[in-house]
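The entries follow in the order I made them.

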2 protein chains.
Amino acid sequence: MRARDLAQEFPTVDLGDDALVAARTMAESGRPGLVVLDDRGRACTVLPGSQVLRLAVPVYVQSDPHLARVYDEKAADELFGKLSGKTVRDLLPDAHDHAELPVVDPDATSIEVAAVLARMRSPLAVVSEGDRVLGVITVSRLLRALLPAAPDPTGHDEPRGSTSDGEPELR
Amino acid sequence: MRARDLAQEFPTVDLGDDALVAARTMAESGRPGLVVLDDRGRACTVLPGSQVLRLAVPVYVQSDPHLARVYDEKAADELFGKLSGKTVRDLLPDAHDHAELPVVDPDATSIEVAAVLARMRSPLAVVSEGDRVLGVITVSRLLRALLPAAPDPTGHDEPRGSTSDGEPELR
């Protein structure tokens, strides 16, 4: 299977997008981060959710989270008021601290994509054709494609019902 | 809102679980990682998906992913055959390289959890009562709880339909 067949939609934001809109996109996406597109529409980095919180939560509360208990619910609105008027560019960590974003060719094989994620310790790769982003391959999507069908035909494993069938439970 | 109200189910594995079962759990979960529980059932770290791939994909292919093109589809089964008989403990990076896992008290406020995620640059926190894991709070769940309702009452922002209503599209 090739990267173009594995690519899925993934939330993206532009560098110039409003920071509060990015925070909402992340909230609604259920994802731990967003792919950031540069001014030419090319994927350039990932904006981690924790980075949004770093800009919103006062530094003295980050240093001692117990101080957060003095905040009431209303204060949360004010936290995110700080994001208003800022852009995604302002949310990103310093350039040298940016998450390096793996980009793969649409013709890359699934094992090639696995090698790239392994080497870069990344949870996802962007599939790009020239400057155009076709989609994203997450590590779990890749594992679904690569893993031999359960039960394991080699017979070495006896997958447990609770983790191999349906949603895993929190134990 | 308190951490106990925000806690959600999240896939977990035990240190002694079979590595191939962990890989399947990750594939089915749609998550970029799994919470790892130690022998006493306490959350001790996160197993990132890329770590599973690091053990499966040969080192020479990780060094030069283009070499992956010599693999055919069948070879993928053999890659993951390597995981068989290994445990989650074998998949984890060296102890000093473990992801530090934020653990919060069930009574922690949402802003306190935000401060912890911000400080530790983590996409999630585990909610624990003593040794018992109650669930996990992801950064996107936290943002849903903390963000003021859209449209922004300050009137500074005009959220765009494509990113504020429903699923964000890949642009």
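Entry one, two helices. I looked up helix H3 (residues 49-56) of chain A and helix H8 (residues 139-146) of chain B; their axes come within 9 Å and cross at roughly 40 degrees. That angle makes H3(A) oblique to H8(B). I noted the model as a predicted one. The crossing of H3(A) and H8(B) is left-handed. Which residues meet there, between H3(A) and H8(B)? From H3(A) I listed A:Gly49, A:Ser50, A:Val52 and A:Leu53, and from H8(B) they meet B:Val139, B:Leu142 and B:Leu143.

Entry two, a sheet. In chain B I found an open sheet of three strands in the order E4-E5-E6, with mixed pairing. Strand E4 (103-104) and strand E6 (132-138) of chain B each have a single partner strand, so they stand at the edges and one side of each has no neighbour in the sheet. I then checked how E4(B) is joined to strand E5 (residues 124-129) of chain B: the two run parallel, with two bridges between them. Opposite B:Val103 I found B:Val126, in E5(B). Helix H7 (residues 110-120) of chain B packs on this sheet and touches E4, E5 and E6 of chain B. The direction of H7 makes about 125 degrees with that of E5(B).

How many disulfides does the structure hold over all chains? I counted zero disulfides. I also looked up A:Cys44, which is partly exposed at a relative accessible area of 31%. B:Cys44 counts as partly exposed, with 31% relative accessibility.

Terms used
Residues numbered from 1 in each chain as written. Chains lettered and ligands numbered in written order. Predicted model: local features only at pLDDT ≥ 70, side-chain atom pairs only at ≥ 80, totals over all residues. Heavy atoms only, no water. Pairing = 2+ DSSP bridges. Helix = DSSP H or I, 4+ residues; strand = E, 2+ residues; numbered from the N terminus. Contact = heavy atoms within 4.5 Å. Axes fitted to C-alpha atoms, helices over the stretch in contact; angles between N-to-C directions. Disulfide = S-S within 2.5 Å. Buried < 20%, exposed > 50% of the residue type's maximum accessible area, 1.4 Å probe, protein only. Parallel < 35°, antiparallel > 145°, perpendicular 65-115°, else oblique. Left-handed = near helix turned anticlockwise from the far one by under 90°.
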